[in-house]
Amino acid sequence: MPDVTHGSAAEQRAADSVSARFTRLMNASTSRWGVLTDPPLVALASGVFLLAFLAALGRDAGPSVARPLGALVLAPITVALAVSVALRGARRAVVAWLARQPFPVENLNAVLNGLGEALEVTFAGAVPETAELNAELDKVHPDAFVTGGVEDARTLDIRIGVVDSKRNPAATNHQRYARVRELVERVLVPLAERYPIQSVRVK
């Protein structure tokens, strides 16, 4: 059953802005431990222990060796299931975070699904100087900076600055989610006090 929020309009708006049900990938993206639920990594870890177990049997290893190795074959699967259960409340936490922001953060679904390269920030009035904003973004990460925008439309594009990893994309997904949260909390929320922000959208 989808989460239902009963609080303010901001909470309802936040709930409506993300998927009614989170997939395993979306839940995993919200936590550094989510990588432990990644099917390819779980299969790889189990496979390594299985090979070790079979090798032990082939060499007539005693029960004291074979049994622990046999148990380790199931360990990655057990850990993945435990982490998956622990992350079942991820949607509720994401909705609560979105509702706390003083402006809408739209299309967060993209980040939770491992996508999104930039934040499109739309200001209600005046737009800050690029140099000023870049100085604040650099405090979060050097790879996050203003890449462009349309001044007449009062928008600026900010590069999130997380490069996808071919070896471990699951870890990259969480890094992107964490970076977006950090950019919003440490840069955009304080900035909005001087330059009111109408919305932030992942693109």
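**Ground rules.** I am working with a predicted model, where local features need pLDDT of at least 70, side-chain atom pairs count only at pLDDT 80 or more, and totals for chains, interfaces and linings use all residues. Residues are numbered from 1 along each chain as its sequence is written, and side-chain values use heavy atoms, with hydrogens and water left out.

**Entry 1, α1 and α5.** I began with helix α1 (residues 9-17) and helix α5 (residues 90-100), whose axes lie 8 Å apart at an angle of about 130°. Helices here are DSSP runs of H or I with at least four residues, strands are runs of E with at least two, and both are numbered from the N terminus. Axes are lines fitted to C-alpha atoms, for helices over the stretch in contact, and angles run from 0 to 180 degrees between N-to-C directions. The pair is therefore oblique; under 35 degrees would be roughly parallel, over 145 roughly antiparallel, and 65 to 115 roughly perpendicular, with the rest oblique.

I then listed who meets whom: Ala10, Glu11, Arg13, Ala14, Ala15 and Ser17 in α1 face Arg91, Val95, Leu98 and Ala99 in α5. Contact means heavy atoms within 4.5 Å.

Next I visited Asn27, which sits in helix α2 (residues 24-29). Is Asn27 buried or exposed? Asn27 is buried, at a relative accessible area of 12%; buried means under 20%, exposed over 50%, and partly exposed in between, with a 1.4 Å probe and protein chains only. Beyond neighbours within four places in sequence, Asn27 touches Phe22, Leu87, Ala90 and Arg91.

I traced five strands in an open, mixed sheet, ordered β1-β5-β2-β4-β3. Its edge strands are β1 (105-106) and β3 (146-150), each pairing on one side only. Strands pair if DSSP finds at least two bridges between them. β1 runs parallel to β5 (residues 197-202), joined by two bridges, and I found Val105 opposite Val200 in β5. Helix α8 (residues 169-192) lies across β2 (118-123), β4 (155-159) and β5, at about 15° to β2.

I finished in helix α6 (residues 108-112), the place of Val111. Val111 is buried, with 0% relative accessibility. Which residues does Val111 contact, leaving aside neighbours within four places in sequence? I noted Ser29, Asn173, Arg176, Tyr177, Val180 and Val202. Val111 and Arg176 are 65 residues apart along the chain, yet their C-alpha atoms are separated by 6.7 Å.
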